[in-house]
Amino acid sequence: MPRHAILTSRRACIVGLASCFWPVTAMAQAPPRAPFVIAGHAVPGGQRMHVDLPVAASASDPATTVPVTVFHGAHPGQVLAITTGVHGYEFAPILAAQALLDRIDPSTLRGTVVLVRLAHVEAFEQRVPYVNPYDRKNLNRTFPGRADGTQTERIAWASAPRSWHAATCTSKSTAATAPSGSRRSRASMAASWPQVRTCQRASMTLRRINSG
Ligand SMILES: [Zn+2]
């Protein structure tokens, strides 16, 4: 039950004793959590799902996918997105994302974690540092991207949906993009994630996940 609903019902207790029993009944009969929908897949509350975000082909370069894992917690809370492999040749955070898979338990999680396990599959597979092998663009400088752009722009568009409303933090081997990254990078990420919160907040959430 939303916190504001509890507060409202407590105020109702002042008006009449009978209404004091309402929150207890409502909490006991709380409806199941709404699924988290991403790329047409509905992830039920308390479950984990691997999803490949589709990136369609264009006239100039091929289709690809962005593999993500969604942990939709059993309990309501914020959405945290963690993005790795923006530079597909930087392996450490990609491996860290793999290690994180078994450390997040959606059955006890409060909120939702969207783990972008490898944002730049083409660069990873072809071992190209920093830029996309087809259009030579830097994904880290391309957010929020374009649905009808070159492959790098389409990857950026697919991997940062505005509808997630997530706190976000790109996990890179060099440094966290925000707040210690370049101003341009932070601005491009903020444009991509309208409700962006700071990387420090994301780090705190991650520490809670890891310690809890
Ligand atoms: Zn990098």
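The structure is a predicted model, in which local features need pLDDT of at least 70 and side-chain atom pairs count only at pLDDT 80 or more, while totals for chains, interfaces and linings use all residues. Residues are numbered from 1 along each chain as its sequence is written. The chain averages a pLDDT of 74, and 61% of the residues score at least 70. Among the elements of the chain, E4 has the highest mean pLDDT (96), whereas helix H1 (residues 3-15) has the lowest (42). The pLDDT is also below 50 over residues 4-26, a stretch with nine contacts in the model beyond near neighbours in sequence. Where pLDDT is low, the predicted coordinates should not be read in detail.

Turning to the overall fold, the chain has seven helices and seven strands. Both are DSSP runs, numbered from the N terminus: helices are H or I runs of at least four residues, and strands are E runs of at least two. From the N terminus on, the order of elements is α-α-β-β-β-β-β-α-β-α-α-β-α-α. Among contacts between residues at least 6 apart in sequence, 62% join residues at least 24 apart. Of the 212 residues, 33% count as buried; a residue is buried if 20 or more other C-beta atoms lie within 10 Å of its own, exposed if 12 or fewer, and partly exposed in between, with C-beta atoms placed from the backbone.

The largest nonpolar core has 29 residues, of which Val66, Leu115 and Val116 touch the most other members. Strands E3 (47-55), E4 (64-72), E5 (75-83) and E6 (110-116), together with helices H3 (91-100) and H5 (151-159), each supply at least two residues of this core. Such a core is a set of buried Ala, Val, Leu, Ile, Met, Phe, Trp, Tyr and Cys residues joined through C-beta atoms within 7 Å. Leaving aside residues up to four places away in sequence, Leu115 touches Val68, Thr69, Ile82, Ala97 and Leu100.

An α-helix has 3.6 residues a turn, so residues three or four places apart point the same way.

Some local details follow. In the loop between helix H4 (121-126) and H5 lies Pro144, joined to Phe143 by a cis peptide bond with omega of about 10°. Arg127 belongs to the loop between H4 and H5 and has a positive phi, near 55°, though it is a residue other than glycine. With 9 C-beta neighbours inside 10 Å, Arg127 counts as exposed. Tyr130, in the loop between H4 and H5, is not a glycine but has a positive phi of about 75°. Tyr130 counts as partly exposed, with 17 C-beta neighbours inside 10 Å.

Notes:
Contact = placed C-beta atoms within 7 Å. pLDDT = per-residue confidence, 0-100.
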